[in-house]
Amino acid sequence: MEFLNRVAVITGGGSGIGRAVAAAMARRDVTAVALVDMSEAVEDVAEKLNTEAGRVFAIPFQGDTTDEKFRASVFDAISRKYGTVSLCVPAAGITRDDLAVRVDKNTGKARIYPVELFKQVVDVNLIAPVYWALEMIGRVAEERAAKGLKRWTPEEGMQGSVVFIGSISSQGNRGQISYASTKAGLEGAAATIMKEAMYYGVRCSVIHPGFTDTPMVRAMGADYVAKNILPFTQLGRLIQPAEIADAICFMLANSAVSGELWVDAGWHAPA
Ligand SMILES: NC(=O)c1ccc[n+]([C@@H]2O[C@H](COP(=O)([O-])OP(=O)(O)OC[C@H]3O[C@@H](n4cnc5c(N)ncnc54)[C@H](O)[C@@H]3O)[C@@H](O)[C@H]2O)c1
């Protein structure tokens, strides 16, 4: 599945992995990318990506991925100008890390992880990515229905592809009860979408990156990375966003890919 003449939506495109995926798609001749992020930096990032590519392909959209009206408006705007969206990488994500249960040394009372934080992480990391994918699939399905097309056949070529961003944390990681749950949740969503959306010729899979050199990981601090991440990473360094982006483009493009890909640099978590 070539990216030429294809239109993509990338959330979390203003930073880290999302930004790197946009750059990698540009090198593969994608027609246009809706670069979605709640940070105002997305405008500047789109401008830089366009300058690097020597053409205008990245169109910035600033907003919250959990906002349904915003989501529909992004798809409306990008498809009106460039055509139906057929590549979706919903990469926007957050961490709200803390131990699941923490006992106060002074009072002896247990404080359990706040449910409102858990819900926030579920909204951003699980529900939003699934709905950005469903928005794309719904539009592909509508377009097919309008043409009188029913069940997709392989001769038609792929109609679309989604890659969710899981994490090595989906296998369990201390201090990440909410984050790990959402990343594991994406596995069930992707497997279900893969079974249902193939009716319309759309594939769905999950990439599980290891620790990648982005603001999300840099926020942990250099000392934390040196002590708690690098010793358990066989590669001995953080993964570069471009390496994850390359793997994501492979997964989007190769029609035989479904399921999950671990791009973890040999991460073996301590117990
Ligand atoms: N960096 C890693 O080591 C790593 C490892 C595994 C998985 N991931 C996943 O990769 C994805 C990208 O992470 P990253 O490392 O590039 O992080 P990042 O913090 O560099 O980028 C995430 C972007 O998402 C945006 N965002 C967050 N919530 C949003 C919302 N509600 N609406 C719109 N935009 C929102 C942020 O503004 C930010 O620009 C995330 O889903 C993350 O969980 C990262």
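Predicted model: local features only at pLDDT ≥ 70, side-chain atom pairs only at ≥ 80, totals over all residues.
Local features need pLDDT of at least 70 and side-chain atom pairs count only at pLDDT 80 or more, while totals for chains, interfaces and linings use all residues. Residues are numbered from 1 along each chain as its sequence is written.

The ligand is surrounded by 27 residues. Gly12, Ser15, Gly16, Gly93 and Thr214 are the closest. The shell holds 12 nonpolar, 13 polar and two charged residues. Here Ala, Val, Leu, Ile, Met, Phe, Trp, Tyr, Cys and Pro count as nonpolar, Asp, Glu, Lys and Arg as charged, and the others, Gly among them, as polar. Two helices, α1 (16–27) and α6 (215–218), each supply at least two shell residues. Helices are DSSP runs (H or I, at least four residues), numbered from the N terminus.

Helix α1 has 12 residues. Of these, 10 are buried, so α1 is largely enclosed by the rest of the structure. Buried means that 20 or more other C-beta atoms, placed from the backbone, lie within 10 Å of the residue's own. Gly16, Arg19 and Met25 are among the buried residues of α1. Asp29 follows the helix, with a positive phi near 70°.

The largest nonpolar core has 71 residues. Such a core is a set of buried Ala, Val, Leu, Ile, Met, Phe, Trp, Tyr and Cys residues joined through C-beta atoms within 7 Å. Ala8, Val9, Val21, Val33 and Leu35 touch the most other members. Helix α4 (residues 115–146) gives the most to this core, namely 11 residues.

Technical notes: Near = placed C-beta within 6 Å. Expected span 1.5 Å × (residues − 1). Buried ≥ 20, exposed ≤ 12 C-beta atoms within 10 Å, placed from the backbone.
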